[in-house]
Amino acid sequence: MATVLSVSGSPSASSRTNRLLRHLDQRLAAQGHEVIPLDVRTIPAEALLGADFAHPAIVEATELFARADGVVVGTPVYKAAYSGVLKALLDLLPQYALTGKTVLPLATGGTTAHVLAIDYALRPVLNSMGAAHIVQGWFTLDKDITVHEDGTLSVAPLATEALTQVVDQFSTALGRTPLLAAAS
């Protein structure tokens with residue numbers, strides 16, 4: 001199957017966004033995909049904020065994007081847009097780092113007022129980076145994601161249903177990507 005890069009754009013190690021992504025990674029892995037997690041917050045701040053394209057962590061991230069067939073991009077929504085740490089990484093990647101890739105955009109936030117952040121803030125950037133196919137994304141409310149004391153995660157039933165659908169559509173699209181590339 002495909003290689004999937006699962007990018008968490010959350011600046012927090014204990015964020016709902018990060019935990020939700022890792023939860024969804026399990027579904028993709030169960031479908032036979034190789035899933036590689038990338039937590040942007042682990043990239044040194046001096047590399048991101050100093051725009052150090054030659055920093056080993058930036059070079060490694062660039063190589064992970066190049067290797068991937070598909071990319072899941074998850075971000076918390078701050079001030080109606082994706083996170084600054086995600087923006088910093090995307091700015092350091094090559095202009096067309098997503099060329100030929102299938103991309104699944106996901107976002108989390110505290111209010112439905114930010115539900116359009118995927119379409120109006122994130123999707124245009126992903127498109128400008130050459131994504132071959134940006135599948136239907138999903139915005140999940142923070143209140144629908146519960147992290148229990150033992151570290152386990154539960155997601156509200158309606159959110160689970162929607163996330164299952166978009167992840168499965170992404171997985172299906174990944175299966176089609178090689179055929180589309182071969183037809184070119």
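**Entry 1: a pair across two strands.** I started with Val103, which stands opposite Ile134 in strand E5. I am working with a predicted model, so I keep that in mind as I read. Strand E5 covers residues 133–134 and pairs with E4 in the parallel sense over two bridges.

**Entry 2: the other neighbours of E4.** Which strand does E4 meet over seven bridges? I found that E3, residues 70–76, is joined to E4 that way, and the two run parallel. Here Val103 turned up again, as the bridge partner of Val71. I also looked up E6, residues 138–141, which runs parallel to E4 and is joined to it by four bridges. In that pairing, Leu106 has Trp138 as its partner.

**Entry 3: is E4 buried or exposed?** Eight of the eight residues in E4, residues 102–109, are buried, so the strand is largely enclosed by the rest of the structure. Side chains in a regular strand alternate between the two faces of the sheet. I checked this here: Thr102, Leu104, Leu106 and Thr108 point one way, while Val103, Pro105, Ala107 and Gly109 point the other way.

**Entry 4: a stop at Val135.** I then moved to the loop between E5 and E6, where Val135 lies. Its relative accessible area is 5%, under the 20% cut-off, so Val135 counts as buried. What does Val135 touch, leaving out residues up to four places away in sequence? I listed Thr102, Val103, Leu104 and Pro105, and also Arg123, Phe170 and Ala173. Last, I looked up Leu24: its C-alpha atom and that of Val135 are separated by 15 Å, with the residues 111 apart along the chain.

Methods: Residues numbered from 1 in each chain as written. Predicted model: local features only at pLDDT ≥ 70, side-chain atom pairs only at ≥ 80, totals over all residues. Heavy atoms only, no water. Buried < 20%, exposed > 50% of the residue type's maximum accessible area, 1.4 Å probe, protein only. Pairing = 2+ DSSP bridges. Contact = heavy atoms within 4.5 Å.
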